[in-house]
Amino acid sequence: MTDATAREEILRVENVGKTFNGSVVALKGMTLSVGKGDFISLLGPSGCGKSTALRLIADLIHPTAGRINWTGGQGAGDLGVVFQEPTLMPWATVAQNVFLPFRLRGRKFADVEGEILDALEMVGLAKFARSYPRELSGGMKMRVSIARAMVTRPRLILMDEPFAALDEITRFKLNNDLLEMKARIGCTVIFVTHSVFESVFLSDRIVVMAARPGRVIRELRVDEAYPRDEEFRTSAKYAAYTREATAALHEAMGETA
Ligand SMILES: Nc1ncnc2c1ncn2[C@@H]1O[C@H](COP(=O)(O)OP(=O)(O)OP(=O)(O)O)[C@@H](O)[C@H]1O
């Protein structure tokens, strides 16, 4: 399904399947080569195995078929993860929340305070380091969650519908900012979404998936250089890519109807 990119491969998902309870085939025969610096979206209808694929890559669950190989000398330990819910600790300040991945690695706050402030600066929340999550809007909470995922500068960031609960304006803004942040830390992103528009704006590769059984049906490339901005979002090229992705999504949904 996936052709090799010119980029150095960091992760290879090889014919991976996941069956739950011996009967629910959440994912079947997924093959994906992830190149360094790729922005890959997994796009598909509900139940097509997008989250299962992310959880497999994050090593939170194990495949029942196939293999996941970290070909770039990295492991599942060098990952940042962002979920749809920001999942912040309500009793801790913004800075303490962003500190979490370091804390889990046994680091001391004082030793990494600079990195924490940098990450908050990157998401535009440096002034809110001492605030508590309840004082923030939904978009700001998501920014904290992204800062937390990026603070250790992981080489791969997995994002599971991070902006689905946000209003459209906030979502557009976060899409723009995410691309800037990605360019700044030079990471690779695998991003789960239901949104054709979001996947085209963000990705250089869109993996379209279908359900029952969850599987990859197509991969589309978005050959548009980064940085991308409003000009791209309103261009004829963008409209053409969204038409192509919408057709693939219809195909994915038609096959399951
Ligand atoms: N722990 C589990 N036990 C049993 N079945 C599961 C489990 N996790 C997922 N499934 C099933 O696997 C299939 C794929 O689920 P998954 O959450 O990966 O899909 P998805 O594409 O992420 O869906 P959505 O867009 O709705 O989040 C679904 O049929 C789901 O019910």
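**Exercises on the ligand shell and the backbone**

Helix α1 gives three residues to the shell around the ligand, the largest share. The model is predicted: local features need pLDDT of at least 70, side-chain atom pairs count only at pLDDT 80 or more, and totals for chains, interfaces and linings use all residues. Residues are numbered from 1 along each chain as its sequence is written.

**Exercise 1.** Find which residues come nearest to the ligand, and sort the shell by residue class.

*Solution.* Start with the cut-off: a residue is near a molecule or strand if its C-beta atom, placed from the backbone, lies within 6 Å of it. Of the 13 residues around the ligand, the nearest are F20, A26, S46, S51 and T52. Two or more shell residues come from each of β2 (24–35) and α1 (50–57); helices (H or I, at least four residues) and strands (E, at least two) are DSSP runs, numbered from the N terminus. Next, sort by class: Ala, Val, Leu, Ile, Met, Phe, Trp, Tyr, Cys and Pro count as nonpolar, Asp, Glu, Lys and Arg as charged, and the others, Gly among them, as polar. The shell then has four nonpolar residues, eight polar and one charged.

**Exercise 2.** Describe the backbone at R212 and the peptide bond that joins R212 to P213.

*Solution.* Second, read its phi, near 50°, a positive value in a residue other than glycine. Third, take the bond between R212 and P213: this peptide bond is cis, with omega about -5°.
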